[in-house]
Amino acid sequence: MEFAGEIGQVGGSFAPETGVCSHSSVSEPRITTTKLEFPYSRTLGPVVGAFLAGLREGKLLGIRGKDGRVLAPPLEYDPETGESLGTDMVAIGPEGTVVAWTWVDAPSPKHPLDHPFSFALVKPDGADTAMVGAVDAGSAEAMSSGMRVRPRFAKEPHNVITDLEAWEPVA
Amino acid sequence: MPATDIAIVGYAQTPSLRDANPSEVQLLVPTVAAAIEMAGIGRREIGFTCAGSCDYLTGGPFAFVSNLEAAGAWPPISESHVEADGAWAMYEAWMRLQEGDIDTALAFGSGKSSPSNPSEVWAQQLDPYYLAPLAPDPISLAGIQARALLDSGKATERDFAQVVANSRHNAASNPNAQLKDAGASVDALLAEPYLRNPLRKHDCPPISDGAVAVVMARGDRARSLCERPAWIRGFDHRVEAHQPGVRDIRSSSSTALAARKAGYDGGPLDVVELSSTFSPQELILLESLGLAPDGPTKVNPSGGALAGNPIMAVGLVRIVEAAARIIDGSANRALAHATSGPLLQQNLVCLLEGE
Amino acid sequence: MSNEKCAIVGVGQTHFKKRRDDVSIAGLLREAIDRALEDAELTIRDIDAVVIGKAPDAFEGIVMPEIFLADAVGATNKPLLRVHTAGSVGGSTCIVGAHHVITGIHDTVLAVSWEKQSEGNAQWGLAGGRSGGIGAGGAFAPWMRAYIQESGAPDYIGWMVAVKDRRNAAKNPYAHLKMPDITLEKVKESPMLWDPIRFQESCPSSDGACAVVLTNEAGARRSSKPAAWFHALSVKSELSTFPGRNPVKPQAGVECAHDVYRQAGITTPLSEIDMAELYVPFSWYEPMWLEGHDIAGPGEGWKLVDTGATDLGGSFPVNPSGGVLSTNAIGASGMVRFAEAALQVRGLAGEHQVDGCRTALAQAYGGAANYFAMGLLRSDPPA
Amino acid sequence: MTDTAKEDLVMEHLVTLTYHERLTDNLNRFADGLLEERIIGAKCPSCGRVFVPSKGYCSLCVVPTTEADEIEVPDTGIVTGFTIVTPVAYYGQTKTEPFVYASVRLDGADSTIGGQDVTGVPQSELRAGMRVKAKWKPREERSVDGMTNRGWSGVDGVVESFEVTGEPDAPLDEYKDHLF
């Protein structure tokens, strides 16, 4: 039995990771390979743009929702009512609290860290909602809901969410 | 108010397959034909057709165009396509049937997950600014959801394992199921290692290929085509906000709302078929519907999505599994559920009854 | 059971540009949505259900992007349905929205269609991510040549359409390409892209969105502005390729049009319809659709262009908005046809208003000209 | 990084997704044939139309076709339609010069093979109706690796181009219903 849980497993046991089989036998089915690759360029608008700009300076920003909640990450429109939230950005963090977490033993090449880590919902101080991020905690045993974490920012920011490289446990 | 005299009178599905040799459209061709044959009508009699599929699952823009070939689109047909599970295609076709100028409609859904790495494809469904660059795969997100559910005290890891064991047992008698084990035991499942703590491999769905089709008819036409049609008494779908951190992922408010809007009054159900692709989600969905896991309602008698998860078909398969039990007389009232988006963000409920 | 009447009571479009670098995708959609709501004198809370359309997800590289946009488009706790029927999707999305109202399932529905093509590259997307893509122009060019050959149309007809649409666009505040000074000479001298299509006879690549608010009779009564009433709507599809197919005048297009005329009680479309917004991404498609939808007889479509009948002041104006030739955010383009037709019968089209317009035809096509979505709107509600 | 406001508002994201899919049985046999200079199609058991390559079903009758329905067709045919494409630049585009994109109806086939190069005639003199014959690549250069179930790249890893034969053009009736 095979499960979706096989990280990096592509197309099942018959599929080579690279290239295409070139069988000459009539009985062996060939494997076709299609690669969809494109460097997308996303314009961010005032709210997402401000948040990512903040990360470059080591700052976390939220936004005030219509009900007064501070939303992290900041959204342009209220998630309940759909009303525009303008650009009422609020400084939050930098530390936060883990709300819920899971542990990734074998990261995929696309994951933000190349060693085992936690994907978690982290609620920055001063925010009323939690954001998805990586927690670099060493091992699952170091993780718990309610634990305190602080952000680690990328040394070379690229204007992308991974400029918040990971959260680290507060000793 | 929508009409309640529309019924499922024909259906067909492929088995859920780990890696189907046929292409997606080749899976659809015999499936659509079988559903039409069961309904006992001519292909040209169908008043409206709607298909559901996902370009990115199939592997390229306009992938859905070739699926049109399974619908028999010459001479031209009245047809639409949703980029969604076949359950939403059925919703559009059901809506179109309400207008009274046609009396039959066809809906189908199809997808092959085996060519792709689903963990990578579905990470691209997330917010492109805040989430997709982190590539949180569906299993990781489900792991976070499972943890939140455990922390709430509403469920235990043993409860998750019980869901899986029930699925494996039920699937044992389903010829279309992919993962089945009449002897699955909770203790053995709990002895397995974590894949995404607190989820184990068996808490996650298999990679599946498959296709499914339904034929619907109205009123007396339905009665003339089927001895015991599965009447659609209610049909609704609702969506929640996207970011997992701004909604309560330990419950499914949109499922509860869709059920209410579909007219589900909390009354007795013989069968419920849920698109719970991760075991904790079955518990979340049952609670949102006010059902107990061990109550009188049969939960996922087919084995559900844990026993076979042909994405873009799996939701419509749930409706077909529920309808089949109405049509064969083994159930009189059933509720089927489909979902879309991360962590049960969007949910659809179809309420079916015999007459 | 009787069906509800359905009207468009709100229309909103973004300003279309090559790159809308001032907004996120959500911001782009909301620009159109908020204008449509304002036009309808409603707020997002008044909307019962949302229908979203766009062309392939690979254009922006987001799988089923309506999922991440759900709350930003005001769909939280509401039904949200995503339509994808290739280039016709904007038309199909409007029609699916209308069915929500006609069936009585919902009272007031928002339909929105969009494309932010500058995030990716449409040519890459149309080529399936492969080298050697031919673009839509390359695919349609042989059919346009076949039309020219069969109809005997002179080559300047294509240039005339390009000049007319670009000049019309100059009167439309939302259009992408505005060229009030364009001439036949300038079109003729522009580079040949896919014979017979020259650069100036081809659509641009745009960022943009279009939204419409659809409602029933009770909803229309609440608005202080005139409504555009659906009298007909139809979708037809055929196989994209098969032996014996006529891609120049696809049968699905013929049947879709006849379905619309039948529903609206129209027997002579040329005299009974006041104007049309047709999906014309390449100049020759204007005469081709005039014939392809039996508005003009075989070989007569180009003569309507030649005599100026399809000009803004002509007897059968086509694309007073400037059309797809001037503005093409692919997913939105089909809906813009319906939105512009609605503005015309509401008398709200501004500088590009067709005088006395009371009956308008909207059409979108897609794929290999094998998907069609058409509707007929009037100033008066159906009887 | 320059700190202009506009750059702050752009995010780059390289999205790469790779798909591996088994070639369907019908296409696998088509590929086998091509490597041996044989072109295999399928004759619909219901309507008798010949599709090259086989889809595994007839899209008009919506009935499956099997190996038993497969037949070989000659490597000669008619250009039914074409475009001279001036390539536009985009990510992954390697074409820089105008190229021919033609549809060819092989003799004995009812479907056309799209996207073919036609050689032996200047691009400006290419016309629908011209008779052509496959110019096969040398055996050692043949590859069917680019073939996919979605219809991309049918014969071009094996057939260099379709070369005009110089025979008189086919009558319009033989290609007018096979434009693409």
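**View 1. Strand 2 of chain D in its sheet.** Strand 2 (residues 39–43) and strand 6 of chain D are joined antiparallel by four bridges; strands count as paired if DSSP finds at least two bridges between them. The model is predicted: local features need pLDDT of at least 70 and side-chain atom pairs count only at pLDDT 80 or more, while totals for chains, interfaces and linings use all residues. Residues are numbered from 1 along each chain as its sequence is written, and chains are lettered from A and ligands numbered from 1 in the order in which they are written. Within this pairing, Gly41(D) lies opposite Ile71(D) of strand 6. Helices (H or I, at least four residues) and strands (E, at least two) are DSSP runs, numbered from the N terminus.

**View 2. Strand 7 of chain D and its two partners.** Eight of the ten residues of strand 7 (residues 76–85) of chain D are buried, that is, 20 or more other C-beta atoms, placed from the backbone, lie within 10 Å of their own. Strand 7 of chain D runs antiparallel to strand 8 (residues 99–106) of chain D, with eight bridges between them, and Val85(D) stands opposite Phe99(D) of strand 8. Three bridges connect strand 7 of chain D with strand 11 (residues 131–136) of chain D, also antiparallel; here Thr76(D) has Lys133(D) as its bridge partner.

**View 3. The two domains of chain B.** Domain 1 (6–117 + 207–227) and domain 2 (136–205 + 232–353) make up the division of chain B, with bounds from an automatic or database domain assignment. Their C-alpha centres lie 23 Å apart. To the contact between them, domain 1 of chain B brings 32 residues and domain 2 of chain B 25 residues; residues are in contact if their C-beta atoms, placed from the backbone, lie within 7 Å. Helix 4 of chain B gives the most to the domain 1 side, with six residues. That side has 18 nonpolar, eleven polar and three charged residues, where Ala, Val, Leu, Ile, Met, Phe, Trp, Tyr, Cys and Pro count as nonpolar, Asp, Glu, Lys and Arg as charged, and the others, Gly among them, as polar.

**View 4. The contact between chain B and chain C.** Chain B contributes 52 residues and chain C 48 residues. Elements of chain B giving two or more residues to this side include helix 3 (64–71), helix 4 (86–97) and strand 8 (230–239). The chain B side divides into 26 nonpolar, 15 polar and eleven charged residues.

**View 5. Chain A.** One helix and nine strands are present in chain A. Of its 171 residues, 44% are buried.

Terms used: Two residues are in contact if their C-beta atoms, placed from the backbone, lie within 7 Å. A residue is buried if 20 or more other C-beta atoms lie within 10 Å of its own, exposed if 12 or fewer, and partly exposed in between; C-beta atoms are placed from the backbone.
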